[in-house]
Structure formats: structure tokens, C-alpha cells
Amino acid sequence: MLLMGGGQTAYGAFGFGDLAAAADFLGPGAIETPRFESEIVDIVRRRGVLGQRVRSTPATGQPSRYFEQTRIVAGAFQDPRNMTFAPGNDPTRRERAVTLKALYATLNFGIFDVEVTRQQGQFSMLVAKDIRDAIEGTMRTSDKGLWRGTDTDLVTPTTLEYVGFLTQINRTASISSSASIIDGVTAEVASLMSSEDFDVRPTAIYLTPVLSDLINQEERLNHRQMPTTVINNVTGGLVVNAIATAAGVLPLIPDWAIGPGVASATESGKKDYKAVILSESLCERHYLTTPEPRVFVLGLEGNLATRYVIVMFDSVVAKGKANASQAQNVVESGLTSYAHTVVTVIR
């Protein structure tokens, strides 16, 4: 071993330190150095449920536009000997629009650290894993924004995020802390279906996991067994409880992306939990080019780092927001959701 001035070894001179500092054990015939399992413990939250099930459709442009029928010609009873034409009863269709948003993520891989990792023969999959995880992380941000996006206007953006469904859906209901959750939810489903103007068909009830457990507790106390159903289009599949309603047996789908309970705005010491009754066929994600994030490799930069850019252009819309009597020249304001309801449960 090469000695330096003052008895210092070459290791110390170049800042590598003493081998003992990196060894678990040093002894006669034994040098034990740290080794790690090749698998990394990773149960970091990925996708939400509705984000995997919502229908994706190509955007028509910026903004993406569609039409909504708000009224059809309705017949009227007449005197059979004196029938007259009633003006102002034309079919009504309204133009709707949703502004596309952008999601963006970047990863920088330094050439030195990547090559050291490869030469060690450990964690050689890290680059691919980090890219996959960044794509999943981008979709997770989208899934949270689908419910809780902070924008407030589909046409004229107020923030860079989506207009979340909890904001878009302005038909609301509330279940007090002393009332039955099941009874309140089924009553709202029946109210949606009783519309004379629109043929509403709710297909699922999304709710926070805590609220799902509260419903289970309520049913156990009432000695009732809840049926179960399988939710497809979700990673690994999902078995959930269901309840009988006027729209048939609807699944109760826990989705963490809705958000946790918050301090109640009406009852002190309680929390507000959200349940959302959805007509899923009217919930869409309008995308540009592809429904999944795209990955671009920008090549080596000045410091020899490789940069990956992940980008996705899309927006979400819960269709079914109109007034049946709305005339052709009426502006967008004052529209009411008729196909979905946000239910606040106080507990």
C-alpha cells in the first residue's frame, strides 16, 4: 500500500476513506460488505379507480366541442276541431366546450451515476423503473385532478388544472349525521331518475374508502348482507359492495382520489365525506394525439445527462349539465347537472 506524507494511505489522500467504514465486518479470513436485495419495496400509490374507467375520446380541437340536446318537440293536446300550431316549441341543441390542459414531468439521468450502477450489476432496471413510475405518477396526478382539479370554468380557465368533477357537478345532496347513508343515497338516485326531461341512468356510486366502511358498518348493525360485484377496467380487478336502487343494483366503488373527509361545514365536530352518483357513459376524457402520456428523450445535455420529458394533453368533462327549457341564445351560466349528484355525508 502506498504511504503518503504523515503516514496517510493513498485511500485517505484521494478521499476514498477507510475500508472499515464501508464494511459490516472485518476479521481473520472475512470481509463482509453491504449488499441489498435486488427488489425495491414499492407500494407507493399509483392510479385512481375512475381514472382507469373513464371513457377516453379524441379532442375535436382546442377547445374540444360537442353538442347537447336539451329539448325535443313535445306534442300537446288540442281541440280536434280547432287544432293550432304552438310556436316556440322547436328542438333545442346547445354547443358545449372543454379546454384542454397539459401535464408535464421530467427525469434527468447523469451518465456517471447510471454507468456506475450498471457496472455494479445491481439495480440495473432503475432507469426503466423510474420512467415507468414517472408515467404512472403523471396519471396519478390526472386521476386526482379528475375529482379535485381547482379550475372553475371549462371554457375560460382560471387555473392550470382540470375542472374537477366535484366542481363540475353542481347538483348536490346532503345526509345528516343522524340519517341513514343508504336511504339517503338511494333516495337521491330515485330523484335523478324521476326527471321528466332527461332519461338519466346512473351506473355507479363513487365514494371515499372511509365512507365505504361507514356504509358497511351501518349495514352490519342492521343485520343486512350487501351483495358484491366485480369492477372491470381496473388494474387487478376490484370486488366491491353494491346496493339496490331505482336504477338497479349499483356498485359502491371506493376511490382514494376523491379525497379524505374534511371538517364539516354544517355540524361541529363532524366530518364531511363525499359520495358521487355518476352516469359513467357521460363522463369523458378528451385527449390530444394519445390517451396515455408520451415520453420524449432529449438526448445528452451539456453535462452529459440524459433528459426524459413526459407530456400529456387532455381534459375531463362530466356531460349532462343543462336546463330543459334553455333557448338557443342562452349563455352557459345557470346550468344544472341532471345526470350526476355529489352527496355530502356527515359523520
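This is a predicted model: local features need pLDDT of at least 70, side-chain atom pairs count only at pLDDT 80 or more; totals for chains, interfaces and linings use all residues.
Aromatic contacts are taken up first. A pair of aromatic rings is described by the distance of the centres and the angle of the planes. The count of aromatic pairs comes to 4. One of them joins Trp147 and Phe165. Its geometry is edge-to-face, with 6.0 Å centre to centre and 85° between the planes. The pair connects distant parts of the chain. Trp147 belongs to helix α4 (residues 126-148), while Phe165 belongs to helix α5 (residues 165-168). The two residues are 18 residues apart. Both Trp147 and Phe165 are buried.

Phe198 and Tyr338 make up another aromatic pair, and this one is stacked. The ring centres lie 3.7 Å apart, and the angle between the planes is 5°. Phe198 has a relative accessibility of 13% and so counts as buried, given the cut-off of under 20%. Tyr338 has a relative accessible area of 16%, and it is therefore buried by that cut-off too.

Trp147 and Phe165 also take part in a cluster. Together with Tyr206, they form one aromatic cluster. A contact between a charge and a ring is found at Tyr66. Here the charged end of Lys319 sits over the Tyr66 ring, at 4.3 Å from the ring centre.

Attention now turns to helix α3 and the surface. Helix α3 spans residues 111-120. Of its 10 residues, the number buried is 1, so the helix lies largely in the open. Just after α3, Gly121 adopts a positive phi of about 80°. A nonpolar patch on the surface is formed by Ile111, Phe112, Val116, Leu300 and Leu304. Together these residues have about 460 Å² of accessible area. Helix α3 gives the most to the patch, with 3 residues. Val116 is found in this helix.

Thr306 is placed in strand β16. Its relative accessible area is 19%, and Thr306 is therefore buried, the cut-off being under 20%.

Most residues other than glycine have a negative phi, and most peptide bonds are trans. The peptide bond from Gln62 to Pro63 is cis, with omega near 0°. Pro63 lies in the loop between β3 (55-58) and β4 (64-71). Thr289 is a residue other than glycine with a positive phi, near 75°. Thr289 is located in the loop between β14 (283-287) and β15 (294-300). At 55% relative accessibility, Thr289 passes the cut-off of over 50% and so counts as exposed.

Conventions:
Residues are numbered from 1 along each chain as its sequence is written. Side-chain values use heavy atoms; hydrogens and water are left out. Rings of Phe, Tyr and Trp (its six-membered ring) pair if their centres lie within 6.5 Å; planes under 30 degrees apart count as stacked, over 60 as edge-to-face and the rest as tilted. Helices (H or I, at least four residues) and strands (E, at least two) are DSSP runs, numbered from the N terminus. Buried means under 20% relative accessible area, exposed over 50%, partly exposed in between (1.4 Å probe, protein chains only). A charge sits over a ring if NZ of Lys or CZ of Arg is within 6 Å of the ring centre and within 35 degrees of the ring normal. Patches are made of residues with over 30% relative accessible area and no salt bridge: like charges are joined within 9 Å, nonpolar side chains (Val, Leu, Ile, Met, Phe, Trp, Tyr) within 5 Å. Accessible areas come from the Shrake-Rupley method with a 1.4 Å probe; for residues, only the protein chains shown count as cover. A salt bridge is a side-chain nitrogen of Lys or Arg within 4 Å of a carboxyl oxygen of Asp or Glu.
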